[in-house]
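Hello,

Here is the structure we talked about, with a few notes on what turned up in it. Have a look at it first, then read on.

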Amino acid sequence: MDDATRARMGRLKWHCRRALLELDIVFQQFWAQHENGLDAPTETALTRLLALEDHDIWDLINGRAEIDDPELTELAESLRIHCVATPLEPR
Amino acid sequence: MSYTVRKFDAVIVGAGGAGLRAAIQLSEAGFKTAVLTKVFPTRSHTVAAQGGVAASLGNSEEDHWHWHMYDTVKGSDWLGDQDAIEFMCRKANEVVVELEHYGMPFDRLDNGKIYQRPFGGHMSNFGEKPVRRSCAAADRTGHAMLHAMYQRNVKVNTQFFVEWQALDLVRDADGDVQGVTAMDMETGEVVVFHAKATIFATGGAGRIYYSSTNAFINTGDGLGMAARAGIPLEDMEFWQFHPTGVAGAGVLITEGVRGEGGILRNSSGERFMERYAPNAKDLASRDVVSRAMVTEINEGRGCGPNKDFVLLDITHLDPATIMKRLPGIREIGLQFAGVDCIKEPLPVVPTCHYQMGGIPTNYRGEVVIGTDSTPVKGFYAAGECACASVHGANRLGTNSLLDLLVFGKSAGETAVEDLRKNPGAHKPLDTASIDRTLARLNRLNTQKGGSSVHETRLAMQRTMQKHAGVFRFDTLLKEGVTEILKVADDVARTEIKDKSNVFNTARIEALELDNLIEVAKATMISAEARKESRGAHVRDDALDTEETPNGRDDKNWLKHTLWHRDRNRLEYKPVQMKPMSVDTIELKKRAY
Ligand SMILES: Cc1cc2nc3c(=O)[nH]c(=O)nc-3n(C[C@H](O)[C@H](O)[C@H](O)COP(=O)(O)OP(=O)(O)OC[C@H]3O[C@@H](n4cnc5c(N)ncnc54)[C@H](O)[C@@H]3O)c2cc1C
């Protein structure tokens, strides 16, 4: 990854730090699958998605809200699979 | 490594509820105020707060601040300072109405007044029966609150430094605070924010635990910075485990669900809270409910294949009520538990949620040190990072948002007063503390053969989860101290591969871990030392006797812990039992 790309990915990754744990879990899983960076359309869509408010992003991902924007809809739907229960510690 | 210096009257670290409220006070008074924040203000963790903010407005039924005060003292298991608690409860109506004027869209009753709902531990007439005291804006209370206060700040010209990470407190040889060192995430540039007043409002540190309702941002930076600068941390053994985190993911199911009629059930479908809290039942105080749940699980009445959770049942509620009053809950259940809560109960477990302890302050928001609570010149703190102490050993739901408003405002007001008294030039900067930041960054940039940030953080989280959970055991705590100090050694030698300067998330996370570990040490060491049960700190060896009700030993332990980073020294200071105007709420056994 060149410096410019790394900087862009770093910024996007940081913008995935959100106020809701729900989103942190989703984006953590997402980045684990995209360690080598994103293709251009995903990068553009993610940048736009991250400009929304936390609750709105979460509502798009969980399907409670819809948006008249095929790119964001597709990205949000693809993120839904990342709503996993991180395994609990053995007690 | 070089740095530049920028001068302000006041610098506030944190743009959540507490920081934004403090900033309004300073900017309105005309002081040049900088607010630093790791994330855009309205993405601060306060956004996650759904349940509401407590105020005895009495819009639906009779209520009184004195009842609220009683509940808060009792909820705190008498560890809360009664002067600060009176101050907070009396101020509640004022700050909530102010927030309304800033544009907060509270839910309304038909008569136009703010809608209020019941919440755990909030009772009428000195503990008689649940009362409607929580004011909310649907499930977006925190979010709406931040928006209203951010807009207000923009209007009064607060200067925001967004995506800046404060690194260390600048404290001179006299012990006075002169600002902070910080890094611009966009460039990696280090800047000293030189200020006459420094307010910490950096939020909690719930990520020290493996299973937490807190977002990843809650890394206790303010506490780490304070500890490194020689400020003790107060009552860090007290962590609230919220009864209803979704089993596995940790995502919070708001207590509002029980406020609207949700019921906890064990494997045989029994509403077990009736046995533990005959009066308040599912709406007893959080520590009481969490303990009851863990007892049910430990005694084999848990649910699921591993019998390791209980159920939160709202299937008897009208789906329309669920959708209207508890929007979003259904989706959380569907996505993180695969359960539709309209038809089936939700699997829940007690999950780390809130830190009652923090940077010691008084009700004026001044940071205070020593057993006689001497203010540190130029240093203030508010919100979850601070310990005023209103929550004592256990916080009541909706009292945190109230804490942000009351003590954010109070810290801001006190800073304004002090700035007015001290109109002269800034004291010359103490460079020794700046050098310490630079040395820390340099160490991280040059470390070879060091430890992984990810692995070390995980080791810390697992240690905390195993050794300092809902129930605490002497041997586990003792081992926990040894373990966490070992982890701390690894934190001192973390290595990052990426040394770039622009949005280097690896570096940011390494620096956050430096803060988390201070909180983890403070927690484990303070918990090991406290040989009683009180509120959220529950030891299995603290016996329930007439002299020590529920294991609470007032003769020896009615006192605040102060942990010092230097040699992990502990000291203790008395609890303020004297309120401002009313009689002391006398010690008694806590029952709901
Ligand atoms: C899921 C959830 C639901 C909750 N619901 C309720 C509720 O209904 N009612 C209630 O009363 N309480 C609730 N709480 C608790 C309450 O939300 C928090 O205690 C409170 O919001 C903390 O606010 P704060 O202003 O102290 O910090 P935060 O809102 O966490 O803000 C911290 C700020 O500090 C900044 N910051 C931190 N470190 C640095 C650094 N090094 N440099 C620069 N900036 C930094 C961050 O960017 C952020 O702006 C809830 C908590 C959780 C986890």
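This is a predicted model: local features need pLDDT of at least 70, side-chain atom pairs count only at pLDDT 80 or more; totals for chains, interfaces and linings use all residues.

Residues are numbered from 1 along each chain as its sequence is written, chains are lettered from A in the order in which they are written, and side-chain values use heavy atoms, without hydrogens and water.

The contact (heavy atoms within 4.5 Å) takes 36 residues from chain A and 47 residues from chain B. Between the two chains there are 5 salt bridges, a salt bridge being a side-chain nitrogen of Lys or Arg within 4 Å of a carboxyl oxygen of Asp or Glu. Arg140(B) pairs in this way with Asp56(A), their closest N and O atoms being 3.2 Å apart.

**A residue inside chain B**

Thr523(B) sits in helix H15 (residues 505-529) of chain B; helices are DSSP runs (H or I, at least four residues), numbered from the N terminus. Thr523(B) counts as buried because its relative accessibility is 0%, and buried means under 20% relative accessible area (1.4 Å probe, protein chains only). Beyond its neighbours within four places in sequence, Thr523(B) touches several residues, including Tyr209(B), Trp239(B) and Met464(B).

Best wishes

Definitions and conventions:
Helices (H or I, at least four residues) and strands (E, at least two) are DSSP runs, numbered from the N terminus. Buried means under 20% relative accessible area, exposed over 50%, partly exposed in between (1.4 Å probe, protein chains only).
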